[in-house]
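Biologist: I'd like to learn how to read a structure like this. Could you walk me through it?

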There are 2 protein chains.
Amino acid sequence: MDVERISIIEDFVPKDDDALLKKAKAYQPQLLETTVRPIAAYRMTEGNKDCGMPIALDALSKQAFGAGDSVCLDFGSHWVGYCTLKVGFVGSHPDAPAYLKLQFAEVAGELDEDAETYRGWISKSWIQEEHLHLDRVPGELHLPRRYAFRYLKITVLDTSKKYRVTFDNIVCRAVSAVEQSSVSPLRCGDPLLDRIDAISLKTLADCMQEVFEDGPKRDRRLWLGDFRLQALINYRSFRHRDLVRRCLYLFAGTRFPDDRIAACIFTDNEATADDTWFSDYALFYPIALEEYLREYEDAEVLHDLSELAVLQIDRALASCENGVVSQAFSDAAFIDWCPGLDKAACAEGVLLYALPYAIVLANRMHDAKRAEHYAAELALHRAAAKRRYWNEKQRCFVSNEQVSPAAQIWMVLGGVLETDEAAELLSRIPQAPTDYPMVSPYMHHYYLEALLATGMQDVALAHLKAYWGSMVERDADTFWEIWNPDAPDASPYGGTIVNSWCHAWSCSPAYLLRSGAFSD
Amino acid sequence: MDVERISIIEDFVPKDDDALLKKAKAYQPQLLETTVRPIAAYRMTEGNKDCGMPIALDALSKQAFGAGDSVCLDFGSHWVGYCTLKVGFVGSHPDAPAYLKLQFAEVAGELDEDAETYRGWISKSWIQEEHLHLDRVPGELHLPRRYAFRYLKITVLDTSKKYRVTFDNIVCRAVSAVEQSSVSPLRCGDPLLDRIDAISLKTLADCMQEVFEDGPKRDRRLWLGDFRLQALINYRSFRHRDLVRRCLYLFAGTRFPDDRIAACIFTDNEATADDTWFSDYALFYPIALEEYLREYEDAEVLHDLSELAVLQIDRALASCENGVVSQAFSDAAFIDWCPGLDKAACAEGVLLYALPYAIVLANRMHDAKRAEHYAAELALHRAAAKRRYWNEKQRCFVSNEQVSPAAQIWMVLGGVLETDEAAELLSRIPQAPTDYPMVSPYMHHYYLEALLATGMQDVALAHLKAYWGSMVERDADTFWEIWNPDAPDASPYGGTIVNSWCHAWSCSPAYLLRSGAFSD
């Protein structure tokens with residue numbers, strides 16, 4: 001979201017349902033721990049930050065580091081966890097505290113950025129960097145905060161003239177609700193796809209903590225749009241049913257006073273709904289619920305949560321006039337991080353996309369009347385959307401005079417076009433120049449969905465390999481929150497140092513590949 | 001000491017005596033705790049750092065602080081301890097960690113200094129400043145490190161656009177081996193002297209921790225030259241016998257391999273002698289031991305420690321030629337922080353000053369032969385010193401062509417002149433221009449001692465009031481490590497931000513005032 005679009009509702013008090021929150025609590029997973037150690041270390045000297053001199057790991061504890069010296073430790077892959085290390089010394093007995101700077105980085109590039117120069121609108125408190133004094137040397141450093149990282153760079157800000165420090169027994173206690181090794185590798189015959197699948201699962205595993213987190217570096221919490229995709233991938237991989245149930249109950253258990261489902265839930269202290277409502281995200285609640293019930297046939301969950309789920313649909317429909325969503329509704333949609341994107345057609349598309357799920361849900365609820373009502377609304381909205389957004393001359397959807405891939409994709413996913421028309425429209429997307437490109441893997445996921453929905457399996461697979469493959473090419477250990485190969489340094493936040501490089505909404509390839517979506 | 005004079009002895013392994021260290025351990029005090037709260041708070045805004053807007057303390061928790069805002073808390077006096085505070089929020093539920101900078105300052109001026117620009121030779125790790133992330137807001141901040149401070153400035157480095165922080169229940173758990181209230185105020189009739197006495201005792205109390213620390217901000221450990229004065233003041237005030245005994249045993253329990261007593265002992269982990277030897281400090285060991293025995297008549301301590309004490313004298317004498325200390329010996333003397341000070345005459349003076357104590361100690365040991373030997377050496381050295389350093393034309397002591405107050409003072413304290421000659425010499429010190437002034441209250445203490453030894457009680461009292469009074473005038477809560485009224489911003493370290501503003505070697509006025517030293 002742009003900085004201007006931050007939601008702040010004064011005196012917001014969420015409506016909490018203790019019975020639902022109690023169930024959410026009951027499904028909270030016990031985290032699994034893995035001990036991880038660095039696989040490589042590099043010594044850096046002031047003024048030559050970019051290239052480090054490799055140090056054999058078994059010789060690391062013999063290296064002494066004085067003021068200005070750094071060591072960069074590579075933990076081999078992305079991890080989420082807690083670090084400890086032993087700090088020893090060489091020279092005279094330490095006569096002053098050791099003053100250390102620790103930087104944790106998900107990707108190597110983060111280490112080249114200077115936190116001091118970050119001026120973006122999102123909090124600099126997300127930058128994973130600490131300044132620490134160690135009063136007793138030798139001593140152990142037990143860092144109390146959780147970090148998401150592959151690289152740990154330790155810079156000695158100062159010791160004293162009498163001693164230098166050594167580092168030993170650097171360990172990360174990595175945590176996740178699941179173990180990646182519990183899922184068999186894909187082995188589809190294409191090494192790139194196998195790799196994309198493995199990276200997807202690593203990404204998902206690192207985001208599976210006490211809730212499905214959007215990203216373990218930032219924001220480290222449950223977002224509804226991300227959750228819907230995470231749950232889908234989880235069904236084809238870790239099958240951690242409790243974590244999905246927990247999150248479904250969390251969204252229902254703490255919500256807007258008027259029963260709208262919040263875009264995001266905090267679980268740092270007590271579970272609390274954020275005062276942020278995204279119109280598209282709210283519609284993913286009935287979608288995610290229906291997808292859960294499809295997997296597990298769960299009468300209790302259906303009983304507890306379905307009314308609230310269809311209420312999200314009802315509220316969206318109630319805000320419409322003549323089968324078209326209101327401006328307030330589309331303004332409140334997230335869709336993608338693309339600056340200036342007009343969201344009217346997109347938001348309409350999300351509602352159209354959600355209605356078929358709502359119909360199935362209504363039927364599960366044995367509410368035929370409601371199902372019929374949704375079917376009628378679906379037909380009405382599709383026709384209205386075609387009239388309002390389709391431009392026959394340009395042969396594409398135009399949303400408030402703006403043409404964007406996102407609008408085409410959501411109109412197609414909304415079923416506004418016949419399949420062959422839709423396929424023809426989508427086939428023009430890659431060639432069409434645009435000021436409003438797709439910037440997140442989340443949006444690219446819906447592009448793939450649209451391609452698959454129109455029978456364009458080959459194009460979808462080629463795009464998956466090209467787009468996610470371009471992250472693999474750049475040595476991604478996990479998939480990224482933001483990625484536009486044409487603008488690799490873009491950040492919606494005003495600085496890539498706060499971007500999240502392990503972001504769950506980016507790992508849907510594992511779901512698609514494991515669902516046989518690309519088979520004829 | 002100048003940076004070039006830092007002692008680093010490669011592969012230094014102290015000689016430890018477990019029996020003595022066990023006794024030192026047995027005398028370790030239980031620290032007393034006092035809960036202290038701020039007495040005033042000031043809100044500061046970026047760009048107007050110097051003057052804060054007062055906030056009523058009972059309204060502080062209602063004030064919200066966003067990025068760039070600061071609050072300065074005044075705890076009313078100097079304290080040594082551990083801080084906790086509650087961090088709450090105003091606005092939406094915190095969606096990012098709170099990132100705070102905390103600066104602890106013994107004197108207000110420290111807050112105006114920028115730690116980033118400090119380039120001195122002593123470690124910047126001594127600067128009492130933290131950068132902290134608080135992941136859970138609301139939450140409690142329990143700072144694990146001990147600070148020495150009166151002022152705590154908290155600056156919000158960032159929160160997020162959605163919330164600002166509040167501060168509440170800011171508490172310092174102050175620690176000391178003694179309670180100042182256990183000693184009656186001086187009430188000598190002169191308010192300035194009463195105030196100087198009270199500040200002296202506050203300074204001493206804050207330095208009385210698990211050892212007599214030189215300063216609780218920096219270096220926070222046991223130094224022999226400082227200890228001798230601390231023990232003296234303690235005899236006239238808190239009378240914490242165990243702490244003196246503990247420190248006497250520590251110096252003896254871990255020492256140089258050749259039995260020299262180290263200038264300083266580390267007690268952060270195991271007790272360990274520093275690889276620093278000051279020739280003058282070593283001579284304060286027999287002095288401090290003799291002074292202890294004068295107070296307490298302690299056969300066990302005499303038995304355990306006297307041999308080692310007189311050994312310091314013997315080693316000093318053995319290094320002399322023709323009754324004059326060697327250059328190596330005087331180079332190894334501390335004397336004062338004055339840059340460029342020639343220490344030959346001073347070091348000689350300290351030896352002469354120590355010998356009478358050594359004679360008494362030898363008699364306590366029933367070693368008449370040793371006592372006679374010391375008496376003979378004293379006469380020999382006094383005569384040699386007069387010959388070598390006294391310049392009849394200049395009518396003062398000249399140490400390697402340099403004339404300094406320190407040289408005059410130590411020669412007088414060494415008894416090189418007759419009393420009336422000495423008094424006449426000392427009376428010229430205040431008027432004489434010098435490039436080598438006294439810069440520490442420690443040196444000024446010995447100036448007072450010299451004046452008192454020559455019957456100049458009035459001059460001594462006037463100097464005490466002028467010199468220590470000039471710190472009182474500048475609102476000292478405790479007396480300072482370094483103070484030259486003619487160069488108030490001087491620091492031997494390259495920046496006043498690392499100066500210690502509560503330094504035990506500065507609080508000897510309480511000893512002198514309470515000993516009746518100024519009575520006729």
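Biologist: What does the accessible surface of chain A come to, and how much of it belongs to carbon and sulfur atoms?

Modeller: This is a predicted model: local features need pLDDT of at least 70, side-chain atom pairs count only at pLDDT 80 or more, and totals for chains, interfaces and linings use all residues. Residues are numbered from 1 along each chain as its sequence is written, chains are lettered from A and ligands numbered from 1 in written order, and side-chain values use heavy atoms, leaving out hydrogens and water. Accessible areas come from the Shrake-Rupley method with a 1.4 Å probe, and for residues only the protein chains shown count as cover. For chain A the surface is about 19,900 Å², and carbon and sulfur atoms hold 48% of that.

Biologist: Which residues of helix α13(A) are buried?

Modeller: Helices are DSSP runs of H or I, at least four residues, and strands are runs of E, at least two, numbered from the N terminus. Buried means under 20% relative accessible area (1.4 Å probe, protein chains only). In α13(A), the buried ones include Ala460(A), Leu464(A) and Trp468(A). The buried residues pack against α2, α12 and α14 of chain A.

Biologist: And how do the strands β11, β13 and β14 of chain B line up?

Modeller: Strands of a sheet pair through backbone hydrogen bonds, either parallel or antiparallel. Two strands pair if DSSP finds at least two bridges between them. Here they form an open antiparallel sheet, in the order β11-β13-β14. β11 and β14 of chain B stand at the edges with a single partner strand each, so one side of each has no neighbour in the sheet. β13(B) and β14(B) share 2 bridges, and Ile265(B) has Ala273(B) as its bridge partner.

Notes:
Buried < 20%, exposed > 50% of the residue type's maximum accessible area, 1.4 Å probe, protein only. Contact = heavy atoms within 4.5 Å.
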